[in-house]
Every structure is written in C-alpha cells, then in structure tokens.
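These are my notes from going through the structure, kept in the order in which I looked things up.

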Amino acid sequence: MNHIRKAFGDLEVIRDISLKVDKGEVLSIIGPSGSGKSTMLRCATMLETIDSGEICYLGERVAWAEPGGEKVYPKGDKLRQVCSCFGLVFQNFNLFPHYSVLKNITDPMVHNQKRPKSEAVQEAMDLLARMGLEDKAGSYPCQLSGGQSQRVAIARALALNPKILFFDEPTSALDPELTGEVLKVIRSLADLHIAMVIVTHEMNFAKGISDHVIFMDKGVVEVEGTPEEVFEADHERMQSFLGRLEH
Amino acid sequence: MSFQVIMTQLLSGLGRSIEIFLLTLLFSLPLGLLVAFGRMSRNRVVRGLVWVYISIMRGTPLMLQLLAVYFGPFYIAGMKLGSMWRFTAIIIAFSVNYAAYFAEIYRSGIESMPPGQYEAARILGYSKTSTFFRIIFPQVVKRILPSVTNEVITLVKDTSLAFSLAYAEMFTIAKQIAAKETSFMPFLAAALFYYIFNAIVAFGMERIEKAMDYYT
C-alpha cells in the first residue's frame, strides 16, 4: 500500500501510510486505539475505500484514488479474484450462525472456488484437526466458545489458500485462557510461511512472531523495523504506550 | 335448511376462503421482498415511490382497496371485465396490500443484520446475490418469523372482507344463511371454522419456527 490517506468526514484516520509485505513475511501493527490500525486493515482488504494512494497485490495495482479524487476499485468477478488473494480474521469472528462449523469452512470452497464437495470436506476436516476441533465439525457457532469460534474463523480463511492473511485484533474479544489457544494456532501458521499482517495488543506475541513491526499513532507510522529495533526504540509516545500496557 | 346442507355450504365457503388465503400468500410473499428492495434502493425516486405505495396500502382500509381494484377498471377506463374478474380483483387487492406489510417486515429483518456478515461474505468471495440468498436471507427468515406469523393470522380473518365484493366465501355464506334461517347458528359455525383454520395455521408456523431453532 502506498501513501494511503483515509478520512471519515472531518476525521483523518490515516494520514500518510505506506506498507509492504513480502511472501512469507509476518508484520505486526501495534498502537493505541484510534491510531488507524484497524482502518489500515479494512483499507487493505477493500472494506473501506481510500481517499488517496494505491493498493497493490502480487505486483498488480488493484485499487487507487485518482488525483481528482475519483476512487477506482475492482468490481464483480475482478473483485472476487482480488479477494481470493487474501483472508481476514475479524475481532468478532463473523462466523455464519446458520451453518455448521464444517459448512462454514466448506461452503466458500465449494460455492466460490468451485471445488468438489468431497475434496472440500477432506480439507476442512484436516484444518479442523490442526486446530484441535475435529469433534466440533457438526456443531454450530452458537455452541462454541470464543477461542473455538476464532479458530474456526481462521480455518475458514485458510481453507481458501490465501497468499496473505490479515488478523484484526484476533484475541481482543477473548479472555487470557482462550487467547493462548488462538495465539498458538497463529504461531503455527507462521511456520507454514504464509504472509500475515496482525493488528494486536499482545506485545510479547508480536515480538516473538514478527519479522517486522510497526507502531502507529494518530494515522501515521511512528516507529518501524524488526521487533528488537522497535521495542527498544527511543520513542517517547511508544514507550509510554508500552509501559502502560505492561502493568 | 337441514343442518347438513348448512354445513356443506359453509364448508364450500371455507374452501374459497382458503383459496384466497393461499393465493395471497403465494403472491404477496415474493412481491413483498421486491418492494423491500425498492424501499432500500439507492435510487431516491424508487425509494420515494415505494414509500408512497406502502403508506397508502397500510393507511387505507383493505375493504376500500378491494372496491377500488374491482370497480377501478370500469370507472377509470370504461372496461367491462368478465365473471372471473371478481376473483382476480380480490387476489390482486389482497396480494398488493399484504406485500406492503411483508415489505416492511423484510426490511426490518434485513436492516437488523450485522454488517460483519456482509464483510466476511465479501472477503470469502461470495457475489452480492449469493451473499444475500445464502448468508443473509436465511438468517432474516428466522428473525422475521414471529412478525410474519402475525400477518398470516390476520390474513386468515381478512379473507372475510371479500364479502364486500359479494364473493361467496365463508362469511358471506354464513350471513346469507343466517338471514334466511333467522338464526345465529351459522355465525357460530363460521366462527368455529375460522378458529380451526387459524389453529392449523398457527400450528404450522410454530413448527417452522421450531425447525429454524437449531441455532440462536
């Protein structure tokens, strides 16, 4: 993403941010609430439109804002083609409540990627097994705990073989116990060398898993670099933010 | 008039009431969905026109609407329509009226859906149509079922309004027999039939609600 600007009415949430994620790279985004972290993810996944700048996937420019202000975004089949490059795990899971756990995972594979049902079911069961949830395949989201729901959401996103996975505060809605199980799963994905962008408040997790970290505040990137560089950086705002968290 | 004759006449009237009921549902349920889309359209003209339509349908008595539809073609365009027109007019008026009520119910259900469902569907690659029919609509149906049940039960009783067009559904027949026999009994019998008709409908709706109860 290059030189992204995004405002909601008068409020400029993202002032000028450029981001790049390479294959297999893990990027963590940390920062105080309101800094624009979630908005960055939503712009990257085209849930929000950018006011200026451009978004490129796999070297191809897919969405941009013309100098005159006109926003150019893909539609229809092209949009779906671009969306197939990435997946998004939401803070509040957004599972489909009327589908079983298994169908939540297989339906996008069968209906959108046109894969044969038997293959989809097999892959879904493999994913669930990796998450430790094979016995929940027939359950419904309303019967799952938060940690289980989030793991199903991750499986659902993974099932479509995205090139990059976005995580929008995946554990913020979970208690410390459930947070652990989800972080464990995300860590195992890093071992698979899938590119990931994680917005999180779990500092130790971010430190341990990332190749790259950025600290955002008030719509700009204040500090960026390797985890060591960032967490040790002599930046007053960031240190006070981190200090406040580590009580 | 023997008891048996009275009963057979009432039952044939009931049959026609049921006909009106079923055909009205058959047409107004899909039509209501279209109207709901119109009500939520991005086009201001469409939205405005649909709003006016819903407002008139819900704001004027169904009986008047029945008369308007039935006599309209003659007084407006001088058309004289055949014997089938009475029944057709009834179905048109009922369907168009109930579609307005269903449209508002659909709209309330659709607007109560969390945007997260649309967002997840979009990123998972569902088209707009697929998102609506596979993800959104099934959930909307479950949510609006109690309101729909209300309307359906009202419809059972509203079928008696066809009386205003001298259509021989059950209430009309009951009135005729009561006048002829100077007895209140046909009304009681009709009331009983309506009650049983409604009980069956309510039972059916409850079964549907239970079937959708596999998730919260």
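I first looked up burial in chain A, and found that buried residues make up 41% of its 247 residues. This is a predicted model, so I treat every value below as computed from predicted coordinates.

For overall size I took the C-alpha trace of chain A, which spans about 50 × 45 × 30 Å along its principal axes. I then compared the radius of gyration with the globule rule: because a compact globule with 247 residues would have a radius near 18 Å, the 18 Å of chain A agrees with that expectation. On contacts, I noted that among those in chain A with a separation of 6 or more, 64% are between residues 24 or more positions apart.

Next I checked confidence, and chain A averages a pLDDT of 87, with 98% of the residues scoring at least 70. Among the elements of chain A, helix H9 (residues 236-245) has the lowest mean pLDDT, 76, whereas H3(A) has the highest, 94.

I then turned to secondary structure, where chain A has 9 helices and 11 strands. One open sheet holds 6 strands in the order S7-S8-S9-S3-S10-S11 (chain A), and I recorded its pairing as mixed. Its edge strands are S7 and strand S11 (220-225) of chain A, each of which pairs on one side only. From one strand to the next, the twist averages 15°.

Within this sheet I followed strand S3 (residues 26-30) of chain A, which runs parallel to strand S10 (residues 212-217) of chain A and is joined to it by 4 bridges. Looking for a residue pair there, I found A:Ser28 opposite A:Val213 in S10(A). Helix H5 (residues 146-158) of chain A packs on the sheet and touches S7 and strand S8 (164-168) of chain A, while its direction makes about 170° with that of S7(A).

The other sheet I examined is an open one of 5 strands, in the order S2-S1-S4-S5-S6 (chain A), and its pairing is antiparallel. Here the edges are strand S2 (11-17) and strand S6 (71-72) of chain A, each pairing on one side only. I counted 4 bridges between strand S4 (residues 52-57) and strand S5 (residues 60-65) of chain A, which run antiparallel, and I noted that the bridge partner of A:Cys56 is A:Arg61 in S5(A). Helix H1 (residues 37-44) of chain A packs on this sheet, touching strand S1 (2-8), S2 and S4 of chain A, and its direction makes about 70° with that of S2(A).

For the interface, I found 20 residues of chain A in contact with 17 residues of chain B. Helix H2 (76-83), strand S7 (86-89) and helix H3 (101-112) of chain A each supply at least two residues of the side that touches chain B, and the largest share, 3 residues, comes from H3(A). When I sorted that side of chain A by class, it had 10 nonpolar, 9 polar and 1 charged residues.

Methods
Residues are numbered from 1 along each chain as its sequence is written. Chains are lettered from A and ligands numbered from 1 in the order in which they are written. This is a predicted model: local features need pLDDT of at least 70, side-chain atom pairs count only at pLDDT 80 or more; totals for chains, interfaces and linings use all residues. Two residues are in contact if their C-beta atoms, placed from the backbone, lie within 7 Å. Ala, Val, Leu, Ile, Met, Phe, Trp, Tyr, Cys and Pro count as nonpolar, Asp, Glu, Lys and Arg as charged, and the others, Gly among them, as polar. The radius of gyration is taken over C-alpha atoms; the globule rule is 2.2 Å times the number of residues to the power 0.38. A residue is buried if 20 or more other C-beta atoms lie within 10 Å of its own, exposed if 12 or fewer, and partly exposed in between; C-beta atoms are placed from the backbone. Two strands pair if DSSP finds at least two bridges between them. Axes are lines fitted to C-alpha atoms, for helices over the stretch in contact, and angles run from 0 to 180 degrees between N-to-C directions. pLDDT is the predictor's confidence in each residue, from 0 to 100.
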